[in-house]
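Me: I would like to go through some labels used for this model and see what each one rests on. Please set the values against the cut-offs.

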Amino acid sequence: VLKYAACIGNRFDLQVLAKLCAIPAKEAMEKLKTALNEGLIEPLLDVEDYAHFSQNEFQCVYYMFSHDRIHQAIYSLADNEERGKTHLKIGHLLLAEASGKQLSEGLFDIVTHWNLGRQHISNSEDMHKLIELNLQAGKKAHASAAFESAYHYFKSGLDALPDNRWNDFYKLTLEMHVAAVESAYLNFDFTYMEELASVLLREAKTL
C-alpha cells in the first residue's frame, strides 16, 4: 500500500490509493495505521473519527510522507516496471476523475504520471491521449512563461508521435511541431529549432 502511495507522490489522496489497491477507502485507511503510528506518514486533516465517515468524507482525506527521504526510500522498493505500470494506472484514474476546472488544475500531475508510465502504453488510443496531454500541459506552461517546462512537455509529446505521424495524426503532429519550434527558440536551442522547422516546412500542407 505504501509503495502505491509513494507512486502517487509525497502527498497522496486516500480515494486514489484505495482504487489502486482495489479496496474500500476505509480499508485502505486501516492499512495505513501502522505507518501512521510509526511516523512514516501524517494526515493533512484530523482523521481520528473516520469510523463515522460517509463515502463523501473519505474523498477529503489526504496524507503526506513525513520526510522526502522516507518517500524516496519507499518509492525505491518497487522496480522500474512496477513503478511504470503504477504511474500509468494513476494517470488513468486521475484523468477519469477530472473534468473542466479540475482537469486544468491537475493537468501537470496527470501528465507526469502518463509520461512516467509511457513505456507500458500498448494501444494507439492511449498513446494519442498521452500526446494530447503533453500538448495541453506545454501550452499551459508556456502561457505562464514557464518556458523550460513547456519545452519538456512538447519534446515528450514529439517523442511519443508514431512513425506515421504526418499521415494518420496530421493535425496533432502539425500543432505539436509548431509549438515545439517556438518553445525551442525561447529555450535557446536553435539547432533543434532549425531541425524541427525544416521538418515542418517540408510536411505542412499549407502556408
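Reply: Exposed means over 50% relative accessible area, buried means under 20%, and partly exposed lies in between. The model is a predicted one.

Me: Why is Arg 202 called exposed?

Reply: Its relative accessibility is 56%, and the cut-off for exposed is over 50%, so Arg 202 counts as exposed.

Me: Why does Glu 203 count as partly exposed?

Reply: Glu 203 has 27% relative accessibility. That value falls between the limits of 20% and 50%, so the label is partly exposed.

Me: What makes the pair Arg 202 and Glu 203 a salt bridge?

Reply: Their side chains meet at 3.5 Å, N to O. The criterion is a side-chain nitrogen of Lys or Arg within 4 Å of a carboxyl oxygen of Asp or Glu, so the pair qualifies. The structure holds 7 salt bridges.

Me: How do you know that Lys 129 forms a salt bridge with Glu 132?

Reply: The closest N and O atoms are 3.6 Å apart, and the limit is 4 Å, so the pair is counted. Both residues lie in helix H9 (residues 124–143), 3 residues apart, about one turn of the helix.

Me: Why is Gly 91 called buried?

Reply: The relative accessibility of Gly 91 is 0%. Buried means under 20%, so the label applies. Gly 91 is placed in helix H7 (residues 80–97).

Me: Which residues is Gly 91 in contact with, leaving aside neighbours within four places in sequence?

Reply: Gly 91 is in contact with Ile 110, His 113 and Trp 114.

Methods: Residues numbered from 1 in each chain as written. Predicted model: local features only at pLDDT ≥ 70, side-chain atom pairs only at ≥ 80, totals over all residues. Heavy atoms only, no water. Helix = DSSP H or I, 4+ residues; strand = E, 2+ residues; numbered from the N terminus. Buried < 20%, exposed > 50% of the residue type's maximum accessible area, 1.4 Å probe, protein only. Contact = heavy atoms within 4.5 Å.
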